[in-house]
Amino acid sequence: MRMINRSDLEAFGYFDMFQNSPDYEEDPVRFYSQFVEDKILTKGRDRLIENTLGLAGEAGEVSEKVKKLFRDKNRFKDEDILKELGDVLFYTVALANIFGGNLRKVMEMNMAKLDDREQRGVLKGSGDNR
Ligand SMILES: [Mg+2]
């Protein structure tokens, strides 16, 4: 049996996979967007449905942990919530990727919206477009 060598890996395109991959230290938002894309298995309408339900499900997992803390005195480690928030982030970025955004754009739009509401004195209340 022959060992795989560098030229085998080059022929396979192994090194090409890292050519266009953004560098984490240089641009963590773009790196993570690509990371998420590489993990998504569904396409088109199926992807939209799966990613949307995934976001709701993972947000539900955060809620469940807090609910059980109050209902059952079921304590959890901070790290457990952080892991679930990572799952929420994954699906948030997956959906942002579909709609032509990224985490930076989502954060900036959210900050602009909340700053505007604060300046107009409507931080409290309800309605998407107040
Ligand atoms: Mg989870």
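Start by colouring two stretches: the domain assignment gives domain 1 as residues 6-39 and domain 2 as residues 43-98. These bounds come from an automatic or database domain assignment. Residues are numbered from 1 along each chain as its sequence is written. The model is predicted, so local features need pLDDT of at least 70, side-chain atom pairs count only at pLDDT 80 or more, and totals for chains, interfaces and linings use all residues.

**Between the domains.** The C-alpha centres of domain 1 and domain 2 lie 26 Å apart. Their contact takes 4 residues from domain 1 and 4 residues from domain 2. Residues are in contact here if their C-beta atoms, placed from the backbone, lie within 7 Å. The domain 1 side has 2 nonpolar, 1 polar and 1 charged residues. Ala, Val, Leu, Ile, Met, Phe, Trp, Tyr, Cys and Pro count as nonpolar; Asp, Glu, Lys and Arg as charged; the others, Gly among them, as polar.

**Zoom out.** Switch to cartoon view. The protein has 5 helices and 0 strands. Both are DSSP runs, numbered from the N terminus: helices are H or I with at least four residues, strands E with at least two. The radius of gyration is 20 Å, well over the 14 Å that the globule rule gives for 130 residues, so the protein is more spread out than a compact globule. That radius is taken over C-alpha atoms, and the rule is 2.2 Å times the number of residues to the power 0.38. Along its principal axes the C-alpha trace spans about 65 × 40 × 30 Å.

**Select 44-72 and 78-98.** These are helices α3 and α4; their axes come within 9 Å and cross at roughly 160°. So α3 is roughly antiparallel to α4 (an angle over 145 degrees). Axes are lines fitted to C-alpha atoms, for helices over the stretch in contact, and angles run from 0 to 180 degrees between N-to-C directions. Show side chains at the contact: Leu48, Leu55 and Val62 are among those of α3, and Ile81, Leu85 and Val88 are among those of α4. The contact residues divide into 11 nonpolar, 4 polar and 6 charged.

**Now select 28-39.** This is α2, and its axis comes within 9 Å of that of α4, crossing at roughly 90°. That makes α2 roughly perpendicular to α4 (65 to 115 degrees). Tyr32, Ser33, Val36 and Glu37 of α2 meet Phe90, Val93, Ala94 and Asn97 of α4. This contact has 5 nonpolar, 2 polar and 1 charged residues.

Notes: Angles under 35 degrees count as roughly parallel, over 145 as roughly antiparallel, 65 to 115 as roughly perpendicular and the rest as oblique. Two residues are in contact if their C-beta atoms, placed from the backbone, lie within 7 Å.
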